[in-house]
Structures are given as structure tokens and as C-alpha cells.
Amino acid sequence: MGLEEKTGNMGIVTTSLEKALGWARSRSMWPALFGLACCAIEMMHAQGPRQDMARFGLELMRASPRQSDLMIVAGRCSRKMAPVLRQIYDQMADPKWVVSMGDCASCTGIFNNYALIQGVDEVVPVDVYIAGCPPRAEALIDGIMMLHEKIEREKLTGVREPAIDLRQPQPGNAVTLFDRVPTRR
Amino acid sequence: MSHVDTTLERLHEKFGDLLVDELHGHVAVTIPSDKLLEVVAFLLSDAEMGYTQVVDVTGVDWYGREPRFEVTYQLLSHLNHSRISLRTFASSDNPTVPSITPIFPGANWFERETWDMFGVKFDGHPDLRRILMPYNFDRHPLRRDFPLGYEEVAFTHNAHEIHSRKAFTPQGLAAAREAKQAHPNILIGAEALADPNAHAMWSQPIDSTGGMRQHVGMTLDDAAQIGPLAEPSPTDPDDPFDQTMVMNIGPHHPATHGVLRLVTELNGERIVRVMPDIGFLHTGIEKTMESKSYLKALPCTDRTGYAAPLHCNMAFCGAVEQLLNVEIPAKAQWARVVLLELDRISSHFLFMGASSLDLGASSPFLWAVGDREKVYDIMEFTSGARMMTSYIRPGGLAYDLPQGFDRVVQAYLDYLPARLDMFEEILLGNPIFMDRTQNVGVVTKEEAIQYNCSGPIARAAGVDWDLRRDMPYLIYDQLKFDVPLRTEGDTYARFVLRLAEMRESLKIAKQALDGIPSGRWMTADRKVAPPPKEEIAISMESLIHHFKIWTEGFRTPPGQAYFAVESPRGEMGFFMQSDGSAKPYRCHERSGVFASLQAMPLACRGGLVSDLIAVIASWDPILGEIDR
């Protein structure tokens, strides 16, 4: 879905189009309200008056997956919940992104047990992983800004870059909090 | 003579000799399972002893012994402010005990949970289905012979190999399909995704005949057996416009405060019945805690009731301290009270904010989050963590209060009253809000007791019971405060009551803050507390001791303990079974809202769908606490 299928190879036109699209897409994201557990409280705080994610174009959490393009998986995903998670992801409109917020969503942290999916990347493709149990609201915003940068770099070929992993510093594919070059906005 | 002794005497008179275990004030009576119903009925019916609620039912698996399964019941007397615990046993070949749900409906979900987790059948239970695990799961995870389920952790060097076994890669998907063929009934993790039926289950159209209801595993006839919902659907089979339909709300729904699923049967806009479906956040926390030493199990408790993590810490530490019978220094006790009340305030703020958002008011949400931030600041200042502090430890506090703690807390307490007035004005005095909540979702006092409600939900219905006042723990008996009480039992009363509780919490926190004495913050008992850091630098023995405490943990005497605190969502209790080792043999969290959610279908009867949203909001469910 989306522009990717319609454009084809348009040479120099697509390059500018890509830039414009990336800019537009990253500046107005509509996150789906997908709070699962403790991290959802921090996600609420990121929406709150102090951190105010609306500064970055995330004005409102959408309750319907049909109206959203970003899924912030905030919390641990149980085996009972996994099919639901996948279904909600499938219902979201393309192009769509996933942020795995917190240790449980990324790798289940301390809960390596029978009840949980060991990381939501088993179920949905994840774009940014954020560490923390739970991550501070600022960490979530940091992850989202990194996602913005990633979206701006996206090509119209439909091929995605590998995930940004905030869990461990890996020069190369992963950008971390510390070695990232600040970009002017 | 204490009330427990009187009870034991009465039981002795009526049922002859019974085995009584006592450990540090926790009295447990062993009852043969054939007499259990009789004993519970006797205790609940006797007006003089005044046992009103069976607050907790859970199991213990004595793997390798016979009889293998133990079921424990915690009875609470509202009249005499005392508790007694009953134990009964079931053999492994046919683990069955009689169900007490027919005489005390509030035990319904607890018995279902025990069936789900241990496979103990409850004879005569009206609706013995799985409650936390998926319906197609065919084992019982809290049995000792069920593995914790460790999965290899993927690091950079082995990620490729591990991922090739998982269903999101083609090889892994093939392997999962193979596993699925070998064990058709087991759907674990990624295999569930490889199963087309598991997916289809969520995408089938919802209709009034099959669909969802089929998945829920209950027919309408089954549903009709759930106690108060037994009244027949008010429909005329010949009238095509008078038919009921089943609507699914959740598990992903903005108004369910997490992953609560409500299967509702509607006749037009009217609710005929509501069936809550929980377990979507089941984390296996109890099983995880059983594999860790007491200190390492503590952080797991934060992650259950994450809106009020310190209350979970406190209930757990209280149970461990009861097992150890250790003295808590005064400073720790007073500081705990300050922090617990701040925790209650922040939890009630979350309730106020999220609930009013459900009702369409977004300003209170933003205000509440802003005011919660300030509590998080205090928590961060005190413990280093915003939310999951794990600051209350068995034996005292994790470390000393920081300098300036009183100043910071005092500033917050001075700031709050004006804010609470604002909330009262914008929310509780708002005619639209009053219209939506008054006389909506009424629970009567009797229903609240019968369906195991506690905390604000029970107090809004007129049950005058607060553990802080009636069975005081820590230093609550030295503080002066009122327990707000309402008698309407409706949604509005639950809002008003919680706001009043916040004002009382302010009062308590102020008194406790003024009373914090100086001195130790951790018990001097070296069996429990690690030696202070400065001693480690000069003493080899202390270093070894420190190492032993942190690696091995401390040991507790064998026996049982049950300790409950008044959490923002009712009685939060921990049942502990120790076998004398450094790890809990069985650790069960009794959550207030898990119990009181049973009464929610009652409150929704005959209401409108939009009222249902208001009712869920007023229940303040925290799914981490419910599903654990």
C-alpha cells in the first residue's frame, strides 16, 4: 500500500519525492495506543505536560489501528496476547513502524519464562528498540526521534533498513544515545 | 483470649481435633477436604466470629509428597479484625477439593486460578475454566514439575542460530509447524503464530450465534450458570428486533485500562451480561519469583501492580518479615508510611486522569500526569528510580533517605491541596460528569462483601473497612486519619471516595513525615541485612557475609505467612510458603482488583454500553496486578 507501489522507477524525481515524503511522514506520526504493562504508564507520561510528545508531531494516540502508523509496544507481550498484537499490526495502514519500548518488549528482560513471548520481534518487525525497565519518558522520545531520522532516510523501494537497537551500542547499524551526531532540525 | 483462639476453640468443639500450625501469628488449620465445605460454611455463618470474606484461595504443590496438592484459604473477619487460614489437601491421582463458590461467590476466580495453575479441580464450581492461560493450553504452569520455560537469550554471536529456530524465519516456521503436528494441543509462543487457527480465532466475524462465543469456550447455557447472571436474556425469540448480540471489547481497547477483554452480550444498547476475560498480561511472575531468592524476587513485585509499586513491595516484604519475625527499625517504618501514601496519591492520580479521559475529559488527564511526575521526582530523588523503585526491602529500606527528603516531600504536600480542589471542581462538580456517573454501576454492600471487594470499591458501597485503621501494620496505629465512606456504591461514589482518600493520604503523609526519627534504616539482624559498606572495607568476614547475602540470600524458617496491606485497589496480600530455603517455595500475590473485578459484571447489569466504560474506569483495573 502507499506510494511505493505506484511510483516505479522515476529516477531523479523519486529522490526529491523521497525526501519530501520522509520529512512529511516523520513529522506527523499517529501512534496506536498499545499500552500493555508498566511501560504504558511511562508512555502516558511522555504524552503528559512535562515531556509532551506533541512537540515531535505525535499529537494524539489513536485508539484504532486503522488510523495509526506507529505502534509503540509498551510492555510485556504474553503468549495469549501475541495473536492479538499481530492482528492489530496487520490492521494498521501502510507505511507503518514499530517501536519496542522497554526490556520486556525487546527481550522480556527478567521474565524469561513460559508465559511471555521472548521479544515482540518474534511477532512484528521492530524498527527501534528502547532499553529500560521501564524506560524513562525521555528515552521513549529519544527512540522516536531516532525513528524519525530513520524514516527520513527511507527509500521508496520498500526495502527497510535494519532495526535501531538502543539496547547495546553497536557502531554500524545501530545508533545509540551516546555516539549519535546531533542533527539540526 | 484472642479471637483466633476463640475460633480454634469453636472449631474444636464442632469438628473435633484439627491440626493447627502457627508461625509468627499466622494460624493455619488443616481441614480434611470432605469437611471443608462444612467448616467454611460454619465460619462464614457464625455471627459471633464474624468471618465475612474468604479473601484468598490458592494452591501449593508438594511435588514428591502425597497428598501432593494443598489448597489454602485465608478468611477475614470484619467484625473481630482477625484472620485465620485453612489448609486442605488433595492427592495427585485425582486432585479434587469441594468448591466453596456456592457458599461464597467471591472465591470463584481464585478457584479458577488454582485450577488453571495447579490442575486442582473444584467439585461443584459453576464455571471451572482456565482464567489466566490461553484456553487451548493443556498443562498447569505452577506445578513444580512444569519448567519455568527458559529460552536461550540471543546475543550477537548466537543470534543467527537461535533465530533460525523461531517462527519469524522460514526455517523456524517449518520447525514450529512440525512441532505443532507432534503436539496438536499445545500452542506455545511462536508456534501459536504458525497455527492458522490461532490467528483465525481473532479474525472471525462476531455474530450472535457462534464466533466469539465459541472461542470463549462457553455457551450461553454455561454463561447462565455464573451466579447472578443467571437471569434469562430478556428477548423474544420470534421478534427479529429483540435479539441479543455478543460484542467484544478489548483486549486492545482504550477504555479497558490495559489488556482486559470484556465479552458483552447486548440487546440493542442495553447490556445483558458482561464476561471479563483476563490473562492477556499473564507474566508468570509467581513462578519466576519461586526461582529467585527473596531479595531478587522483590523487583518482580514492582512489575505487578505498576501503578502503586511500593504497595506491592510492602506486601511482599511484610510477608517475608512475618516469616523471619524480624524487627523493623522505627525510621524505616515511618519512612515507609510516607512513601506508601505518596504512592497511593500517585496511583489515585492515575485513576483520576485515565478514568476521566475515558469519560471524555482530557484536561484532568494532563493535570494528573503532571502531578504524578512530581511524585516520580520524589521517588527518583529517594531511590534512583522513577517507577520501579524496589526501595522497600525485607528488613527495612534499601538505603538511607537522602538529605532534604523532608523538604522535598513537604513542598509537594503543600502544593497538593489546591490541586485536589481543582480536580474536585472540574470533575466532581461537573454536571455532565455527574450525569454520566451517578446511579451508574451500582454495587450494594452485600454484593461487595460477597464478591470479595475491598478497598475503595467496597468503601464506596458502605463497607467500613480499611486495613490501615482496622488491622494496622507499620505505624498506622499511631497516626490520626479518617476512612472516607460512601453508601451509594455507584461510579460517582467511587470517584468521590478516591479523591477523599487522597486528602487523607496527605494528612497521613504529613504526620508520618514529621515523625520520622533518626537512626538505622535497615534492621540490625545480620541474618537478613547485609553489613554496611564501610565495614566491608576493613573486615574480611563482613565481605564474605555481604557476598553470601547477595548471592545466596537469607533463609526463612519453614512455614506459611500471609501479609496484607491496604493498596489503592484494595487488599493486596502476599501468601508465602517457605520450605526453609533461601527461595520462596510458593509465593502468591492476592490482588485487590483481581478479586473485586468479579463484581463488575453485577454493576453493569441492565446498563448502557457507554455506562460500561464509566464502570470499568471506576474499577481502576491494573492488569499487571490482575494477571501477574
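Let's start with the sheet in chain B. Three strands form an open sheet, in the order β13-β14-β15 (chain B). The pairing is antiparallel. Keep in mind that this is a predicted model.

A quick reminder on sheets. Strands pair through backbone hydrogen bonds, and they do so either parallel or antiparallel.

Which strands sit at the edges? They are β13 (559–567) and β15 (586–590) of chain B. Each of these edge strands pairs on one side only. From one strand to the next, the twist averages 10°.

Now the helix. Helix α12 of chain B, residues 309–324, packs on this sheet. What does the helix touch? It touches β13 and β14 of chain B. The direction of α12 makes about 150° with that of β13(B).

Let's look at one strand pair. β14 of chain B covers residues 570–578. How many bridges link β13(B) and β14(B)? Nine bridges, in the antiparallel sense. Val565(B) stands opposite Met572(B), which belongs to β14(B).

Over to chain A. Its secondary structure comes to six helices and five strands. Read along the sequence, the pattern is α-α-β-α-β-α-β-α-β-α-β. So much for the order of elements.

How much of chain A is buried? Chain A has 185 residues, and 50% of them count as buried.

Last, the contacts in chain A. Take those with a separation of 6 or more. Of these, 78% come from residues 24 or more positions apart.

That's the tour: a sheet with its helix in chain B, then chain A. Questions, please.

Conventions
Residues numbered from 1 in each chain as written. Chains lettered and ligands numbered in written order. Predicted model: local features only at pLDDT ≥ 70, side-chain atom pairs only at ≥ 80, totals over all residues. Pairing = 2+ DSSP bridges. Helix = DSSP H or I, 4+ residues; strand = E, 2+ residues; numbered from the N terminus. Axes fitted to C-alpha atoms, helices over the stretch in contact; angles between N-to-C directions. Contact = placed C-beta atoms within 7 Å. Buried ≥ 20, exposed ≤ 12 C-beta atoms within 10 Å, placed from the backbone.
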